[in-house]
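Morning, everyone. Please bring up the model and keep the side chains on display. I'll talk over it.

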Amino acid sequence: QVQLVESGGGLVQAGGSLRLACAASGRTFSSYATYTMGWFRQAPGKEREFAAAISWSGEDTYYADFVQGRFTISRDNAKKTVYLQMNSLKPEDTAVYYCAAGPVSKWTTNRAPRAYDYWGQGTQVTVSS
């Protein structure tokens, strides 16, 4: 069974911070360190959009333009966990946040959902004004 389980979402005031975590489990992730990990988000009535991605080694990271230096993606391969530290949150950051795992072969398209084969169930982030 393949699982990606997100945690850390919640309600926060504008300007506040949250740290999301996504833990991987299952036989497929016995080679977790070979997977690209990404974070996406989806607000009500909107399409799912890319937020951040990190390479298998953690050396390379990419962010959506809207991040503007406020988010940091990181990973701990020993714990099979990827994190998204979100600071200076804005009401427009309100969305369900999903983590995803994809093969290294699709790294060059890491901003696209099609680059990822496995998805978590999502965690709600609500930012009040």
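Start with Arg 19. Its charged end sits over the ring of Tyr 83, 4.0 Å from the ring centre. Sitting over a ring means that NZ of Lys or CZ of Arg is within 6 Å of the ring centre and within 35 degrees of the ring normal. Arg 41 does this with Phe 66, at 3.6 Å from the centre.

A word on the source. This is a predicted model, where local features need pLDDT of at least 70 and side-chain atom pairs 80 or more, while totals for chains, interfaces and linings use all residues. Residues are numbered from 1 along each chain as its sequence is written, and side-chain values use heavy atoms, without hydrogens and water.

Now, ring against ring. Rings of Phe, Tyr and Trp (its six-membered ring) pair if their centres lie within 6.5 Å; planes under 30 degrees apart are stacked, over 60 edge-to-face, the rest tilted. That gives seven aromatic pairs. Phe 40 and Phe 50 are edge-to-face, because their planes stand at 75°, with centres 5.7 Å apart. Both Phe 40 and Phe 50 are buried; that is under 20% relative accessible area, with exposed over 50% and partly exposed in between (1.4 Å probe, protein chains only). Phe 40 and Phe 50 share one aromatic cluster with Tyr 116 and Trp 119.

Next pair: Tyr 62 and Trp 107. This one is tilted, 5.4 Å centre to centre, with 55° between the planes. Tyr 62 is partly exposed, at 36%.
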